[in-house]
Amino acid sequence: MTSGGAGGGGKAAAALRLQHYLIMAGVAAAVVLACLRYAPAAAGYGFLAVAPPAGAGRLVRAAADGGARDPPPSPSSVVIFNFGDSNSDTGGMAAVNGMNLNLPEGRTFFRRPTGRLSDGRLVIDFICESLHTPYLSPYLKALGADFRNGANFAIGGSTASPGGSPFSLDVQLHQWLYFRDRSMEMINLGQKPPVDRDGFRRAIYTIDIGQNDLSAYMHLPFDQVVAKIPSVVAQIKYTIETLYAHGARKFWIHGTGALGCLPQKLAIPRDGDADLDAHGCLKTYNAAARRFNALLAGACAELRRRMVDAALVFVDVYAAKYDLVANHTAHGIARPLMACCGYGGPPYNYNHFKACMSAEMQLCDVGARFVSWDGVHFTEAANAIVAAKVLTGDYSTPRGITIASLVNSTLMASNDG
């Protein structure tokens with residue numbers, strides 16, 4: 001990878017406005033992907049194999065053996081409905097926009113583009129692997145979709161706030177309601193839908209969204225950013241309540257990551273480094289992310305007290321992702337703040353006008369250990385590490401609850417926050 005850089009400093013309002021309104025924390029990379037031409041020879045490499053997590057959470061007990069331990073879930077017993085943005089989009093945005101992606105997208109595990117904005121698997125993919133179920137099909141994928149183990153409503157660039165994107169969380173929720181209504185209609189007609197009544201009841205509902213909302217606000221003074229966060233969290237809370245009202249009982253809710261450590265954010269021209277923390281991340285962005293997570297965790301705690309017959313787990317993804325930067329050497333990562341695929345070379349290899357997949361992109365070697373794939377999204381290697389962490393239950397609230405323990409479980413009331 002060659003070195004280079006973008007000039008900057010002083011007044012950068014135009015670049016900042018373009019960054020927030022064109023990209024929305026990942027849209028820029030995705031849009032540029034639609035007109036690509038690079039296709040290097042694909043070579044694969046293996047990263048962490050995420051083992052199925054063991055151990056039961058204290059809110060659940062395995063139905064099969066009285067709660068002594070969680071039996072390995074069978075593929076047919078696992079149903080997941082996922083809602084989110086590009087962090088968990090397994091090809092929805094590519095399908096809806098007719099985007100023909102090329103390598104190096106997907107160059108590691110799949111060895112071909114799949115619509116994921118990464119070089120390989122996402123955290124949701126590793127979660128599916130750990131539960132021995134196939135990867136989730138995008139809801140909007142016309143060909144080759146299989147919804148017997150659920151559906152993925154996540155679309156790249158999506159916001160939790162209505163109107164912030166074409167497929168904001170409220171739209172995804174209505175898509176799920178339509179999917180459910182049509183399934184019930186098929187059952188009433190004597191037909192067999194991909195997911196039956198019991199499947200909707202025992203499904204796990206995963207939500208990972210909010211990063212794009214925060215990114216869109218960060219050009220504002222920090223106090224105004226903080227003032228907007230409650231409305232974002234309220235949309236996620238409303239979604240959980242609506243799903244619950246329609247029979248959902250198992251929820252797995254991800255907080256947002258350390259936005260201030262993304263090369264895309266760090267490459268925004270700034271006056272000096274006063275806003276950088278000890279690890280080189282932007283304090284203001286990360287403070288906003290932590291505030292969002294605190295409010296979302298609080299909303300989950302409130303719902304948990306009211307929805308006593310449900311299991312609602314909040315996952316501190318921020319801690320898992322920030323650890324990749326703070327302790328990067330332990331993970332074999334030399335440049336935790338630099339994009340693998342981008343333009344400009346060190347320190348960030350990110351340019352807002354020459355993103356990954358452009359004709360002039362600068363690409364790291366296959367097998368190189370990077371956190372960031374394109375300045376916004378994670379590499380498969382980083383996603384594998386994050387997934388391995390969250391699957392332990394150590395980042396869960398209530399602590400110790402694993403997603404595996406939710407699969408074949410009955411629920412007990414709890415007043416834990």
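This is a predicted model: local features need pLDDT of at least 70, side-chain atom pairs count only at pLDDT 80 or more; totals for chains, interfaces and linings use all residues.
## Disulfide pattern

The structure holds three disulfides. Number the bonded cysteines in sequence order, and the pairing reads 1-2, 3-6, 4-5.

## Cys261 and Cys281

The sulfur atoms of Cys261 and Cys281 sit 2.1 Å apart and form a disulfide. The link is right-handed, with 110° about the S-S bond. Cys261 lies in the loop between E5 and helix H9 (263–266), and Cys281 in the loop between H9 and helix H10 (283–306), so the bond ties together parts 20 residues apart in sequence.

Both ends are covered. Cys261 is buried at a relative accessible area of 6%. Cys281 is buried at 0%.

## Cys340 and Cys364

Cys340 is joined to Cys364 by a disulfide, S to S 1.9 Å. The torsion about this S-S bond is about -75°, so the disulfide is left-handed. The bond links distant parts of the chain. Cys340 is in the loop between H11 and E7, while Cys364 is in the loop between E8 and H12, 24 residues apart.

Cys340 is buried, with a relative accessible area of 2%. Cys364 is buried too, at 6%.

## Cys341 and Cys356

Cys341 and Cys356 form a disulfide with sulfur atoms 2.0 Å apart. The torsion here is about 90°, so the disulfide is right-handed. Cys341 belongs to strand E7, and Cys356 to the loop between E7 and E8, 15 residues apart.

Cys341 counts as buried at 0% relative accessibility. Cys356 counts as buried at 2%.

## Asn351 in the E7–E8 loop

Asn351 lies in the loop between strand E7 (341–342) and strand E8 (362–363). Cys356 is in the loop between E7 and E8 as well. Asn351 has 15% relative accessibility and counts as buried, because the cut-off for buried is under 20%. The side chain of Asn351 reaches the backbone nitrogen of Phe353 at 2.8 Å.

## Helix H12

Helix H12 spans residues 380–390 and is mostly covered, with 10 of its 11 residues buried. Among them are Glu380, Asn383 and Lys389. Ala381, Ile385, Val386 and Val390 are also buried.

What do the buried residues of H12 pack against? They pack against helix H4 (123–130), strand E5 (250–254), strand E6 (311–315) and helix H11 (317–326).

## Two further cysteines

Cys128 is buried, with a relative accessible area of 1%. Cys300 is buried, also at 1%.

Terms used: Residues are numbered from 1 along each chain as its sequence is written. Side-chain values use heavy atoms; hydrogens and water are left out. Helices (H or I, at least four residues) and strands (E, at least two) are DSSP runs, numbered from the N terminus. Buried means under 20% relative accessible area, exposed over 50%, partly exposed in between (1.4 Å probe, protein chains only). A polar contact is a pair of N or O atoms within 3.5 Å; within protein, one must be able to donate a hydrogen and the other to accept it, and residues adjacent in sequence count only if both atoms are side-chain atoms. Contact means heavy atoms within 4.5 Å. A disulfide is a pair of cysteine sulfur atoms within 2.5 Å.
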